[in-house]
Amino acid sequence: MADSIMSKAATMEIPINSNGDTGSLAGDDSLEQDLQQVMVSGPNLNETSIVSGGYGGPAGGIIPTSSIKGPAVRFNPEYLARRRTPEQRTDIRMKARAANVQHSPPSGHPITSMIQQHPGSMHHSPSGSGLASEEVARGVAVEKLDSVKKWGINTYKCTKQMLSERFGRGSRTVDLELEAQIEVLRETKVKYEQVLRLATALISHFNNMVQTQQALGDSFADLSQKSPELQDEFGYNAETQKLLCKNGDSLLGAINFFVCSINTLINKTMEDTLLTIRLYEAARLEFDAYRSDLEELSLGPRDAAAAMRIDAAQQDYHLHRDKYERLRSDVTIKLKFLEENKVKVMHKQLLLFHNAISAYFAGNQQQLEQTLVQFNVKLKPGADKPSWLEEQ
């Protein structure tokens with residue numbers, strides 16, 4: 001059946017008028033039905049032959065379809081649509097509409113609500129994430145550029161203000177009382193650092209002396225064993241050197257405690273206050289720079305652009321003034337607490353140093369030990385071990 005249909009379709013001549021309209025064709029309805037059946041079921045192309053030379057052309061023989069690549073018959077829906085009657089077209093539309101209603105999800109379906117809430121998500125393109133990341137990178141770059149721009153403007157203003165102050169052409173904000181306290185603190189720190197260096201040197205020298213006394217006591221003890229005629233004399237000197245080493249270790253413990261406390265006071269407490277002072281001085285410089293900038297703009301012309309610049313300069317001025325006043329208050333509070341802490345720490349450490357030195361050079365071992373206990377000084381392991389004669 002397929003062979004007869006294809007041969008008939010290929011060999012029949014279709015007249016074409018000047019407008020290309022095939023409406024005047026007295027076609028065979030049975031041929032159209034057969035073609036539609038072929039479109040649905042499809043012919044067996046392996047056993048089908050197509051007669052060439054149709055449509056008025058010369059016969060050129062039979063070409064086997066097994067050598068043809070692609071579909072053998074091309075469906076032309078426009079041709080079939082023109083052959084339908086108006087009733088058939090109306091019936092097809094009704095069936096198509098009913099099929100769409102049947103396959104569409106109901107109004108309360110989750111898919112329908114998701115589409116209504118997120119209509120753009122159904123048309124998401126793979127390049128959306130790339131565009132989003134590009135926008136984020138562009139935003140970060142713009143933010144960094146603005147930060148660098150603000151830093152450059154601020155650096156320029158502060159440098160200009162610093163040079164004008166150094167050459168005597170610019171004015172600066174001065175708190176006389178606070179400046180005096182800051183100067184006293186810096187001088188005190190320099191003097192305390194000198195005390196710390198000398199105390200550290202004393203520990204080094206005194207430690208060498210104690211080690212020498214330890215070696216000398218060992219030599220005396222060895223000679224007392226090998227010299228029977230001088231055994232008592234060597235033994236007394238060995239015991240004296242051992243006792244001095246023990247007291248020396250106690251004194252070294254007291255001086256080490258003194259040095260550690262002074263070091264903490266200088267390099268932590270004072271340095272923390274000086275760090276706040278440096279921040280305060282930088283804020284003071286920025287405040288004066290923006291104050292001078294506002295004064296220069298106020299003396300210039302008063303057009304619209306100048307008014308906008310003056311408003312921006314006033315905002316910067318108030319911002320840096322608040323920062324300056326806040327840091328000035330912080331410096332005042334820290335200087336007060338530093339002075340109280342310094343008096344308390346130095347009172348204790350100076351008393352410890354005096355009592356330990358006096359007891360050691362006076363040979364008062366009991367007072368030296370009481371001093372260590374009073375100030376809660378911990379000696380290194382083995383420093384308080386009794387001499388070999390005291391163990392006898």
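In this predicted model, the crossing of H7 and H9 is left-handed. The two helices span residues 176-226 (H7) and 304-361 (H9), and their axes come within 12 Å while crossing at roughly 25°. That angle sits under 35 degrees, so H7 and H9 count as roughly parallel to each other. On the H7 side, the residues that meet H9 are Leu178, Gln181, Ile182, Leu185, Thr188, Tyr192, Leu202, Phe206, Met209 and Gln213. Their partners in H9 are Arg328, Val331, Thr332, Leu335, Leu338, Lys342, Met346, Phe353 and Tyr360. Sorted by type, the residues of this contact come out as 13 nonpolar, four polar and two charged.

Ile203 is found in helix H7, and with a relative accessible area of 13% it falls under the 20% cut-off, so it is buried. Setting aside residues up to four places away in sequence, Ile203 touches Leu252, Ile255, Asn256 and Val259. For one of them, Val259, the C-alpha atom is 9.0 Å from that of Ile203, although the two residues are 56 apart along the chain.

The next pairing is that of H8 with H10. Helix H10 takes in residues 365-374, and it packs against H8 at an angle of about 30° with the axes 10 Å apart. Again the angle is under 35 degrees, so this pair too is described as roughly parallel. The crossing of H8 and H10 is left-handed. From H8, the contact draws on Leu243, Lys246, Asn247, Ser250, Leu251 and Ala254, while H10 brings in Gln365, Leu368, Glu369 and Leu372. By type, that makes five nonpolar, three polar and two charged residues.

Leaving out residues up to four places away in sequence, its contacts are Tyr360, Gln365 and Leu368. Of these, Gln365 and Leu368 are among the H10 residues in the contact with H8, whereas Tyr360 is one of the H9 residues that meet H7.

Between H8 and H9 comes a loop, and Gly300 has its place there. At 30% relative accessibility, Gly300 lands between the 20% and 50% limits and therefore counts as partly exposed.

As for cysteines, the disulfide count comes to zero. Cys158 is buried, given a relative accessible area of 11%, and Cys260 is partly exposed at 49%.

Stepping back to the whole chain, there are ten helices and two strands. Read from the N terminus, the elements run α-α-β-β-α-α-α-α-α-α-α-α. Of the 392 residues, 26% count as buried. Among contacts with a separation of 6 or more, 75% come from residues 24 or more positions apart.

How values were computed
Residues numbered from 1 in each chain as written. Predicted model: local features only at pLDDT ≥ 70, side-chain atom pairs only at ≥ 80, totals over all residues. Heavy atoms only, no water. Axes fitted to C-alpha atoms, helices over the stretch in contact; angles between N-to-C directions. Helix = DSSP H or I, 4+ residues; strand = E, 2+ residues; numbered from the N terminus. Parallel < 35°, antiparallel > 145°, perpendicular 65-115°, else oblique. Left-handed = near helix turned anticlockwise from the far one by under 90°. Contact = heavy atoms within 4.5 Å. Nonpolar A, V, L, I, M, F, W, Y, C, P; charged D, E, K, R; others polar. Disulfide = S-S within 2.5 Å. Buried < 20%, exposed > 50% of the residue type's maximum accessible area, 1.4 Å probe, protein only.
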